[in-house]
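Dear colleague,

I am passing this structure on to you, and my notes follow below it.

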Amino acid sequence: MESRTFQVLEFPKILGALSGFAVSEPGASACLAIHPYDTLTAVRRAGTLFDQGAAWVGESGFSMRAFPEVGGIFPHLDSELAVLDQDALFALKVILDLARDVRDSLAGFEERGWDVLRAELFAYDWPQRTVSGITRCLDAEGQIRDESSPDLQAVRQEIRAIHQRCTKRVKDFILQENLGAAMQDEFMTVSSDRYVLPIKANFKNKTKGIIHDYSQTGETCYFEPIFLVETNNKLQELKREERAEEYKVLQYLTSLVRQEQDAIHGAYDGLVTLDVLSAKVRLAAAYGGRTIEVAEEGAPKLLKARHPLLALSDESVHAVNIELLDGQRAMIVSGGNAGGKTVCLKTVGLIGLMAFSGLPVPAAEGSRLPLWDDIFVIMGDEQSLEENVSTFTAQIKYLRRVWDKVDDRSLFILDEFGAGTDPTQGAALAQAVIDSLLEKGATAFTATHFPALKAYAMATKGVRAASVLFDPSTKKPLFRLAYDQVGASIALDVAREHGLPSVILERAEKYLLLDGSDTSAVLDRLNAMAVKKEAELDAIEEERTRIEKKRATLEKKFEKERTKILKDVQSKAQEVVKQWKTERIGQKEARKKLHQARLRIEDIVPERKKDSTFSFSDIVPGGKVSYPAWNKSGTVLEINEKKKQAKVDIGGVAMWVKAEHLGPANTVPGGQSKPAATKAPVPSDLVVEVDLRGHRADEALSELERALDSALRKGAGRMEIVHGRGTGALRREVHEFLKYYPAVESFTLAPEDRGGDGMTEVTLK
């Protein structure tokens, strides 16, 4: 794609705005280097990356921090003799600390998938050795720690000991020589890496020593007493040893970095990618942007689209729908000056460049574009006085230069093409260009004032006419498009609004009447009708949005109440079954309470579509039926012909159920088939495991009962109870409990290879 296209459509300005949202210099540079992808796969991957990144940032609240530019470190490491200094290593520490924070944050969202996001950010092995080495050797300020090496620690301890001895000896010396009045400062200081005394200049000859320097005013001299000379010499030797030991530490850390260079480079690249991604998220938030669908082919459709640069500078900028129908490949936009024709064309081109570059665009959900390999633009005044080229000549030269590159994967934008020459010939040439573009299969968007081109738009197959709308009363632009009609140019109205003298306007109107080509009355009527239609459509859209919002609120409220009631009923039903099992209530009372709970559920559970082949005549004593309200199957004990009811045993509890609420046993809610019923019900493949180890007997049995209830609700066919071997006391308690549990069909110890007498396998009814 030509660089001229990017400049004309102002794509670099978008990248400049994007880079302003980056928090690091490498991130900002990467933003400025963004360009459209070549393949549909790459475009879609970039869109997926943005969607996953935006979701993660929104849910985690992760905020990107600034990090240094370290790109130059890696070429430097190519030399085997290169050693990184403290600043470079500390910069790498900042990079790796931030990368670790990113990994930790994203690790909390494993269940969300986000495979593309993880692949882009973490396409490297974690450089654990380098991280450990730098963390151990550098402190939070980037200084080398004493603990980096035993020799370094020993040298620094000796240096500190010398400092303490010097401090004491200096104090004693000042008192002994009575130099208190000569001191400028209370303590000794360091000059040229040697301990010295800051004394007043007029006292410099009072005692023997070496003067190293003077202050700027000359009133203070830095004096090294003779007794400190030997100590300072020793200090210099220790300092040299310290620097040598520090250099060894730097060499060691550099070797770690060199060994894991690819991983560290990957971590750095991942942070740059994340900075760019975070900038995209902030850009999207600035103008309500999103990714849109990009397809291999098809008609472009931009819903509520706004020019990105205008949307960034003004939140109230008008949105417009720009859409071609199936089979259409060209749009011709007409209408008055300052109505938004050029902005409309630029919006299509710029949003296309952004979408193909993986950037969020200010358009509504449902928008889509075909992938254009090339975008060509003829726009604005392209005349050049230096090259002696008129606007029309410049347009023709550009068209001639790019014509052979145009194909069915191209978008061609023509703004006022042919306007720089005779209107009749210019319109004819514009029609011929659009005809040829249609033959090549290219997509074209054109803005024009030519009446002939407006008529062409209405009459040509594959071309859609559109008009920018104006307020019928004020003649001010509404920045809306009306389709399948043409618009008046209203040049005189625009001239009047911008203050052209009335005498000129009156003469122009007379010439227009004499010419006999004034069609403004008809076009004004079309404009007024279109404005009314758009207002009605806006009202319908607002009402639809209001209704959908109200419906969503009601559905949310209903689901919340429904869930609450279901949980309440489920809890009460479990309590009834528990009371019956512990013989606190009789079977008759339990059935009555369960029946009441069932009726309450049936009031809020949506009625399921009944199997037309199942009827009351299919219910027979001893047969199997399903009870969708509980998502359970049971055995028919008896039937009541008069009331059309059946007494069903469900998990050991018998209850009367209306036939209309039952279904065949070989189906479950959702229409999933089960194996055909036989004399004994085929157990579910679901196996539930419960671990009772470490519990007292009473706690274990309580936990087991809850697990059994849960397994029955899930429709499980088997359970595995892990109780351990131990003394066997817990196993005996579990087996005694299972003997009398009504929903247990059988149980046995597991095979030796699956736990032996440490686990019991249970078959549920």
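In which sense do strand E1 and E2 pair, and over how many bridges? Strand E1 (residues 189-191) and E2 pair in the antiparallel sense over 3 bridges, where strands (E, at least two residues) are DSSP runs numbered from the N terminus, as are helices (H or I, at least four), and two strands pair if DSSP finds at least two bridges between them.

This is a predicted model, in which local features need pLDDT of at least 70 and side-chain atom pairs count only at pLDDT 80 or more, while totals for chains, interfaces and linings use all residues. Residues are numbered from 1 along each chain as its sequence is written, and side-chain values use heavy atoms, with hydrogens and water left out.

Within this hairpin, which has 2 residues between the strands, Ser192 takes a positive phi near 55°, and Val190 has Tyr195 in E2 as its bridge partner. E2 also pairs with strand E4 (residues 220-225), in the antiparallel sense over 4 bridges, and there Pro198 stands opposite Tyr222. Of the 7 residues of E2 (residues 194-200), 6 are buried, that is, under 20% relative accessible area with a 1.4 Å probe and protein chains only.

With best wishes

Conventions
Buried means under 20% relative accessible area, exposed over 50%, partly exposed in between (1.4 Å probe, protein chains only).
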